[in-house]
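Q: Please take a close look at one part of this model, the nonpolar core and the aromatic rings. Then go on to a few residues elsewhere.

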Amino acid sequence: ELSYQATNDLLFMGDWGYVDTHTEDSDVLTFYNGLAVRRVPRNNAGLEMRYQVSHGWARGLFFTADGSYTSKSLVNLGSGKSLIPGPAGTTSGSTSSMYYVPSLNETYATGKDPKQTGEVKITATPFINAPFPGSGALPYPSEPANASINFPMSALGQPLPLANPSVPGVYVGEAEGVFVDDGREFNFNAPYALFDVGTGYSWTTGHFKHTIQVNIKNLLNRKYTYGSGVPGNPFQVLVSYYLDY
C-alpha cells in the first residue's frame, strides 16, 4: 500500500496484492490438486484519488476517482463429474450395466437381490485410470496408470473383494465412484479493470456534520465475472446522505 499527499487538498492512494496459491489436497476432488485455488486471483491492484476543497466559497466540495484491476481466477464450478467403474453392458452400444443393491453388506454387480425389494440402481461404466492433466495424479492411485477398471471400487480407492472367489458378480462392501476432470478446471474468470468516480459536499450545522455524495460505479459498464462465474455489477449511480454527530 502507498499514499501520497500531493497538496493539502489532493491525496493519492494505491495498493497491490499478489497471491500465488495452489491446491495441495482437495480431498475427493483430486483433479484440483496442483491447480490454483478456485476464486483466488493472483494479482489485484488499485489506485484512488481524492480532491477536497478546503478554502473559498466551494469549501466542503470533494471529488473522488478510483480504478481497480483483478487478474484471472479459476471459476468455482462445483465438484466435477462423478464416474463409477464397473463392467461393460451386455446390450449392443451400452456401457452401463451395474446394479448396486445393499443387502447383508453385499453388492450385486448384475441382476437383482432376491432379499431386497427396494433396488438402488447406480450407473457404472468401464473406467480408464488416466492421470489428471493438472497434477498428474491418478484417480485411483492403487491401480496402474491407464489401466482399465471394470470392477467396483471402495471409497478408499481399493477394489471390492468378491464375496465368494468362485462366484463372479457379488462383492462385499459399498461401491463408490471418483470425481474426475471434465474441462471445468480450465474455466477462468477473465481479468478485468473497473473505474469509479464520485463527488460530494460536506457541511456542518451546530454539532452535526452532513455529507451528501453521488458515486458512479463501473463507469465504463465493464462486463466481468468473479467467484463462481457470477456476473459483476453493471454501471450504477448511487446517491447517499450521511449524518454525523
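A: Start with the core. The largest nonpolar core has 12 residues in all: Leu29, Phe31, Tyr32, Leu35, Leu74, Phe127, Phe132, Tyr140, Ile149, Met153, Val178 and Val180. A nonpolar core is a set of buried Ala, Val, Leu, Ile, Met, Phe, Trp, Tyr and Cys residues joined through side-chain atoms within 4.5 Å. Buried means under 20% relative accessible area, exposed over 50%, and partly exposed in between, with a 1.4 Å probe and protein chains only. In soluble globular proteins, nonpolar side chains tend to be buried together.

A word on the source. This is a predicted model: local features need pLDDT of at least 70, side-chain atom pairs count only at pLDDT 80 or more, and totals for chains, interfaces and linings use all residues. Residues are numbered from 1 along each chain as its sequence is written, and side-chain values use heavy atoms, with hydrogens and water left out.

Now take one core member, Tyr140. Leave aside its neighbours within four places in sequence, and Tyr140 is in contact (heavy atoms within 4.5 Å) with Leu83, Pro85, Phe127, Asn129, Ile149, Met153, Gly157, Glu176, Gly177 and Val178.

Next, the rings. Phe31, Tyr32 and Phe132 form one aromatic cluster. Arg38 lies over the face of Tyr32, 4.2 Å from the ring centre. Arg50 lies over the face of Phe62, at 4.3 Å. Such a charge counts if NZ of Lys or CZ of Arg is within 6 Å of the ring centre and within 35 degrees of the ring normal.

The structure holds eight aromatic pairs. One of them is Tyr192 with Tyr224, stacked at 4.4 Å centre to centre with 25° between the planes. This pair links distant parts of the chain, 32 residues apart: Tyr192 is in strand β14 (residues 192-205), and Tyr224 is in the loop between β15 (208-217) and β16 (225-226). Strands (E, at least two residues) are DSSP runs, numbered from the N terminus. Rings of Phe, Tyr and Trp (its six-membered ring) pair if their centres lie within 6.5 Å; planes under 30 degrees apart count as stacked, over 60 as edge-to-face and the rest as tilted. Tyr192 and Tyr224 are both buried.

Last, two more residues. Ser154 sits in the loop between β9 (148-149) and β10 (162-164). Why does Ser154 count as buried? Because its relative accessible area is 18%. Glu1 lies in the segment before β1 (2-5). Glu1 counts as exposed because its relative accessibility is 90%.

Key. Helix = DSSP H or I, 4+ residues; strand = E, 2+ residues; numbered from the N terminus.
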